[in-house]
Amino acid sequence: MRSISVIGIGETKFGKLDNYSIRDLINEAGNKAIEDAGIEKEKIEALYFSNFNGSYWSTQSHMGALVSETLGLGHIPTLRTEGACASGTLALRQGWMAIALGLYDVVLVGGAEKMTHQTTLIVTTGLASAADLKSEVSNGATFPSLFAMMANRYFHEYGNIRDEMAMCAVQNHENACLNPHAQMHKKITIEKVKQGVPVADPLTIYDCSLVSDGSVFLVLAATDVVKSICKTKKRLVEIVGTGHAGDAISISGKSSLTTLYATVNAAKEAYKMAGVKPLDVDFAEVHDCFTITQIINIEDLGFFEKGKGAKGVADGRTARDGIIPINVSGGLKAKGHPIGATGLSMIYEIVTQMRGEAGERQLKNVDIGLTHNLGGSGATCCVNIFKGL
Amino acid sequence: MPHAALTSLRDFSRGGKDMNKRGKIYTYTVINVASEEFVDQVPYAVAVVNDGENKFFTRIENYRADREIKIGMEVEFSRYDENQKPLYKLVYKN
């Protein structure tokens, strides 16, 4: 397999960015990534761009061409990926495959979403389109309600973990306070989470990820060409494993609601390709669209036995100084969740940490990192494993 | 659960799969923040019901905040709503 590395990263701040159009977001993050890679734009041979719902929220489709013009990329081929909240890492995987196949040596991968200019109703309706319209949404389901049902089923099978779910939110908010790009710089408590505005029992507003604007871009290159094209000498971060799997779009179509098999299968593929085990992973960015999701995911990724993830959180094993730090960036819960950019934001954090550029939230001795990005109610999943060279 | 012998209902939203008149709650939630179409119904309960053959998503029509709802409770078909979505109701033992 051809070795492929992330050689450039760029990211906007996440949040309610009233003064930014989607073009502005793309322009800032895209140019930052290209500058960070230290390459000429002419070296970029293709673009893979992720956007979930710009055609609805911003009435803008054909995003690949939009990005190409915005960044001055000329006549290169472009492609938009969409897999709900996993859209970003689908773009990463397309870029990775193109280089692995030998089609290109250098590609740009990006994602952006502009959400906060819309009303809550429009945002909610757009988000719900990632669920099954006919059997779920048109019968009263909301997106949080699908994960709330997972939480209640989890309580039934493994016991009540309400406090530990709240602890995930508390930890991610603490981490986000150290991330200048994060949307939420506010510490919260377990009681505040539990007493928040009820959304769908047992989830309150503090169990839910954020509505955000933001953009992230990455430059990928065949590792063997890096020396000849890069002006900078930053630590290379190799993509050593990648996995992609799926499941039914509807919650009732899944064989389990406490094990998400898209995650299990994507992780299996990524671990096998990378030749590593869960215990080898130094830190991970894990999809925490809701607090229950983070707990189910850390079990499905093999960091904890099934039914033991909540105790791992409560014991501090997922904290910054724990054995497997999770969502040091603040995660979707507190860094933010601009959907098309979210999966790439996880990789931004992995690369930032491995380069030693994470400032106050810098982890020590990190060489292997994992990202886990989930779409819908567990219908699409990409897991990627990275190694610092 | 006497599912097999009962007349089956056709859930138009599931591409014609049959669902039985009675089933048990596999999981549920009570929704407090709804989309525009359902905002005047909050709080309302939705559930994944296991009818012994399949699982399907439905609204629980007779949920009330002062009465219990939990996994394993029996539900039965109540009616179709104006959009031809089947609604189920909790079967209270007393």
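Here are some friendly questions and answers about a predicted model with chains A and B.

Residues are numbered from 1 along each chain as its sequence is written, and chains are lettered from A and ligands numbered from 1 in the order in which they are written. Because the model is predicted, local features need pLDDT of at least 70, side-chain atom pairs count only at pLDDT 80 or more, and totals for chains, interfaces and linings use all residues; side-chain values use heavy atoms, with hydrogens and water left out.

Q: How many disulfides does the structure hold over all chains?
A: A disulfide is a pair of cysteine sulfur atoms within 2.5 Å. For A:Cys85, the nearest cysteine sulfur is that of A:Cys289, 6.4 Å away, and A:Cys85 is in no disulfide. A:Cys289 is in no disulfide either. Over all chains, the number of disulfides is 0.

Q: Is A:Cys289 buried or exposed?
A: Buried means under 20% relative accessible area, exposed over 50%, and partly exposed in between (1.4 Å probe, protein chains only). The relative accessible area of A:Cys289 is 4%, so this cysteine is buried.
The value for A:Cys85 is 8%, so A:Cys85 also counts as buried. To come back to A:Cys289, the word is buried.

Q: Which kind of aromatic pair do A:Phe52 and A:Trp57 form?
A: Rings of Phe, Tyr and Trp (its six-membered ring) pair if their centres lie within 6.5 Å; planes under 30 degrees apart count as stacked, over 60 as edge-to-face and the rest as tilted. The rings of A:Phe52 and A:Trp57 are 5.7 Å apart, centre to centre, with 70 degrees between the planes. A:Phe52 is buried at 6%, and A:Trp57 is buried at 1%. The pair is edge-to-face.

Q: Why are A:Tyr154 and A:Tyr158 separated by about one helical turn?
A: Helices (H or I, at least four residues) and strands (E, at least two) are DSSP runs, numbered from the N terminus. The two tyrosines form a tilted aromatic pair, 4.9 Å centre to centre with 45 degrees between the planes. A:Tyr154 is buried at 0%, whereas A:Tyr158 is partly exposed at 34%. They are about one helical turn apart because they lie 4 residues apart in helix H6 (residues 143-158) of chain A.

Q: The charged end of A:Arg153 sits over the ring of which residue?
A: A charge sits over a ring if NZ of Lys or CZ of Arg is within 6 Å of the ring centre and within 35 degrees of the ring normal. For A:Arg153, the distance from the ring centre is 3.9 Å. The ring belongs to B:Tyr26.

Q: What area do chain A and chain B bury between them?
A: Buried area is the accessible area (1.4 Å probe) that two parts lose on being put together, summed over both. Carbon and sulfur atoms carry 58% of it here. On the side of chain A, the residues that lose the most are A:Asn139, A:Met149 and A:Ser252, together 26% of what that side buries. The buried area is about 2300 Å².

Note on methods
Contact = heavy atoms within 4.5 Å.
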